[in-house]
Amino acid sequence: MLLILCDIIKNMNSKELFKWYEKNHRKLKFRETKNPYHIWISEVMLQQTQVDTVLPYFSSFIEKYPDVKTLAKTDLETVLKSVEGLGYYRRFRNMHKAAVYIHENLEDIFPSTYKDLLKLPGIGRYTAGAIMSIAYDQPYSALDGNVIRVLTRYFNIDWDMSLEKNRKLLDQKNQEIIENMPSANIYTQSMMEIGALVCRPTETKCMVCPFKDECLGYKNNNALEYPISLKKIAKVELTYFVFIVTYHTKYVLRKRTEKLLEGFYEFLQVESESLSEAIESLEKLGISIKNPKYSKKVKHVFTHQFWSMEVYEAVVNENPEPEYYLIDDLEKIPIAIAHRKII
Ligand code: SF4
């Protein structure tokens, strides 16, 4: 298989691909720049998130934090508030850490080599490859879900792509391809665009695809069978009782320390099967609520978890500080997305 791939790779038609890209690519703000800082921010935002969702966040983020120094000098909580709603917040904590690292160790100069990019928190092979190829026009593979889909269909690659060793192998093949391309920047961007616009997860528009003449997925009429992934993600179901508690006119909140949504505020929440057990658990945490009133049931789905939340409103008569936070205006703080739904 690998030998066959190498032969086809040498013949991959960059002319048709680049022509298609020139005519069809979307004019996205973060694709019209070669500023590595902007490209980095957009790539972090685009992880697990749709382009349409990212666009308004990207513009306001760049306005607030126009360079790495401004980002590094802003506290993490304020940065998290700016991206509230995008989910998967570990990426933004890493982004902030990386900005602080650049500020403290690199005199605010964004790294310009693949090796140095990989030293930054949260930057892996894909993001480093995307920055190197798009910002610096250097031939480094940027293999994301879109590119995996296009390549596995194009070559009819039947490897289990949920395995890291197979993704690494495909990354090497993509590296060979990009090294043979006249422009690394346009190759990376055009593959991303083909994946987003033409070779989509559940639909292919092969008749308008520049790969139509060579693509095995099209020739064999089996494109939608690829990529192959044998791993299924098991979701854990959790039942929570959530209490919107007020002390006088202020909300009582806690700040999450768990890995999931770390640093975000949330209402008081306990995992429980019954209200009485939940109230008991709260008491053990030092919160004695009065008159809980049922409000609603809210559900939220994360990648690995499903939260079913029974929401109650209640008051406390004792000041719960300093273990908990008293907040006036919920709009001013970053709130865990699952609890933002409750408000
Ligand atoms: S020809 Fe069809 S299957 Fe092949 S890459 Fe293009 S859209 Fe995907």
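About 980 Å² is buried between domain 1 and domain 2, with 53% of this area on carbon and sulfur atoms. The model is predicted. Its protein chain is divided into domain 1, covering 2-225, and domain 2, covering 236-340.

**Domains and their interface**

- The C-alpha centres of domain 1 and domain 2 are 37 Å apart.
- On the domain 1 side, 9 residues are in contact with 16 residues of domain 2.
- The rule finds 3 salt bridges across the interface of domain 1 and domain 2.

**A salt bridge**

- Arg93 and Glu262 form a salt bridge, in which the closest N and O atoms are 3.9 Å apart.

**Ligand site**

- The largest cavity is where the ligand sits.
- Four cysteines, Cys199, Cys206, Cys209 and Cys215, are among the residues around the ligand.
- Val198, Lys212, Tyr218 and Ala223 are also around the ligand.
- Sorted by class, the shell around the ligand holds 7 nonpolar residues and 1 charged residue, with no polar ones.

Note on methods:
Residues numbered from 1 in each chain as written. Predicted model: local features only at pLDDT ≥ 70, side-chain atom pairs only at ≥ 80, totals over all residues. Heavy atoms only, no water. Near = heavy atom within 4 Å. 1 Å grid on protein atoms, 1.4 Å probe; cavity = no way out; pocket = protein on both sides within 12 Å on 5 of 7 lines; lining within 4 Å. Sits in = over half its atoms within 2 Å of the grid points. Nonpolar A, V, L, I, M, F, W, Y, C, P; charged D, E, K, R; others polar. Domains from an automatic or database assignment. Contact = heavy atoms within 4.5 Å. Buried area = accessible area lost by both parts, 1.4 Å probe. Salt bridge = Lys/Arg side-chain N within 4 Å of Asp/Glu carboxyl O.
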